[in-house]
Amino acid sequence: MKEFDIAVIGAGPGGYVAAIRAAQQGACVCLIEKDKVGGTCLNRGCIPTKALYSTAHFWQRLKHAEDHGIRIDEPSLDYAVAAERRDNIVKRLVGGIEQLLKAHKVELFRGQALIEEPGRICIKRPEVTGRIRAKNIIIATGSRSVRPKALSIDGKNVLTSREILAIKELPASLMVVGGGYIGCEFAGIFAALGTRVTVVEQLPGLLEQSDRQVVKEVEKSFKSLGVEVHTETSVERLDAKGGGVTAYLSGDKQVEAEKVLVAVGRVPNIDNLGLEDAGVETKDGAIVVDDGLRTSAPGIYAIGDVTNIIQLAHVASYQAGIAVANAMGGDEKADYRVVPSAIFTLPEIGQVGLTEEQAKQQGIEVESGRFSYQASSKAQCEGESQGLVKIVADKKDGAILGAAIVGAEASSLVAEVAAAMRAGMSAHELGGKTIHAHPTLPEMIMEAAEDVAGLAVHKAGRRRDRR
């Protein structure tokens, strides 16, 4: 029976990164995956969704080509070609990861992993069963879509994010159940491509964890795209017949749609891993870990969505480095104080740290700086003048507590604020003391940071802080 220094279960953005990190440090490593390397993020989540987002954004920009003096007669959209492009991008990236694993001499096993005891794993495939030993095991099995029994998901008319990314034809109408980031991303994409979209959310508003001013920009966009939104509304029953679905909503409302997307959250994949027999503690459907990603069982670690700490691909990749370091004798601790995230609505959102509302709920007195895309020369030149940048700082010392950005390249712009927070910079140091190139979109970060003290140059109406 072959023995490895580290065996990683699950080849998503946590698992394959852990395997490569361990190999880089000289460990003998294997990676076990029952499906495709790259996990949900690459194959059925982040990447295919963003490929379609790129198509939707490009299609929207084409509609304003005449503003640039470019005349295009009767442009048309072939969704089948867009879907093929999406699938080809995924295929190339999966192949790239497989090559990286080979280059780092990571042994890849295909099959379902079952931890029989700490240090011993059974790998099952149809008609084949094998076993390996490993000094340390890292569990990175990710998560899956919640499938409420009441909503009768059939994979044909009523879909999860997995199935909707496999369709080859653009639906004439789509109802999205769930107004979180997954639901809002798909709602914006399909509405921009020409589908009639309805969003149903039980909570009072969309994107409840995001800054309210930022969400208002997304709501404006939804209105312009013709998206119908029902908040504080539940779906009581779905009736799928033939080529469509009738949704019965609370308040005696009905919605007819060709397809229904159920996007009400994700749950960790902890089934059929042998966790109980291996002595791995779970709570509320997730694996319990300490701040070094250690489970309750010696030599077994867990990272990514399966821990349900923060369900983001880049957090799983970050945790991979912590778990590997500790599996190889280190004592590192995860730090989640600065975690940027992106939501690819139209326009997109970038956010990090606390929102203004969250800071106030924690009893922190804050000052906020804002700057509009309309006031940015670069945004005007790009024809991307919708949006704003907001930076939240501690009123006491100007320390940056968070930022929320909505508009073009928001997902990239937020990285500067995250880096500044990590470095412990104040809003004044980011805005007044850091030179930004002109004309660029990052100048908006500078202006918003300066506006915390009312000192933004290209914005009128704020008081000047007398320091």
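How many helices and strands does the secondary structure of the chain come to? There are 14 helices and 24 strands, taken as DSSP runs numbered from the N terminus (helices H or I, at least four residues; strands E, at least two).

## Basis of the model

This is a predicted model, in which local features need pLDDT of at least 70 and side-chain atom pairs count only at pLDDT 80 or more, while totals for chains, interfaces and linings use all residues. Residues are numbered from 1 along each chain as its sequence is written, and side-chain values use heavy atoms, with hydrogens and water left out.

## The chain as a whole

Along its principal axes, the C-alpha trace spans about 70 × 65 × 45 Å.

Of the 467 residues, 51% are buried (under 20% relative accessible area, 1.4 Å probe, protein chains only).

## Helix H12

Helix H12 covers residues 410-422 and reaches 19 Å from its first C-alpha to its last, close to the expected 18 Å (1.5 Å times one less than its number of residues). Its buried residues are Ala410, Leu413, Val414, Val417, Ala418, Ala420 and Met421. Seen down the axis of H12, these fall within an arc of 160 degrees, so they line one face of the helix; the arc is that of the directions from the helix axis to the C-beta atoms.

The cover over the buried residues of H12 includes strands S20 (341-343), S21 (349-353) and S24 (400-406), together with helices H13 (427-431) and H14 (443-451). After H12 comes Gly424, with a positive phi near 75 degrees.

Conventions:
Buried means under 20% relative accessible area, exposed over 50%, partly exposed in between (1.4 Å probe, protein chains only). Contact means heavy atoms within 4.5 Å.
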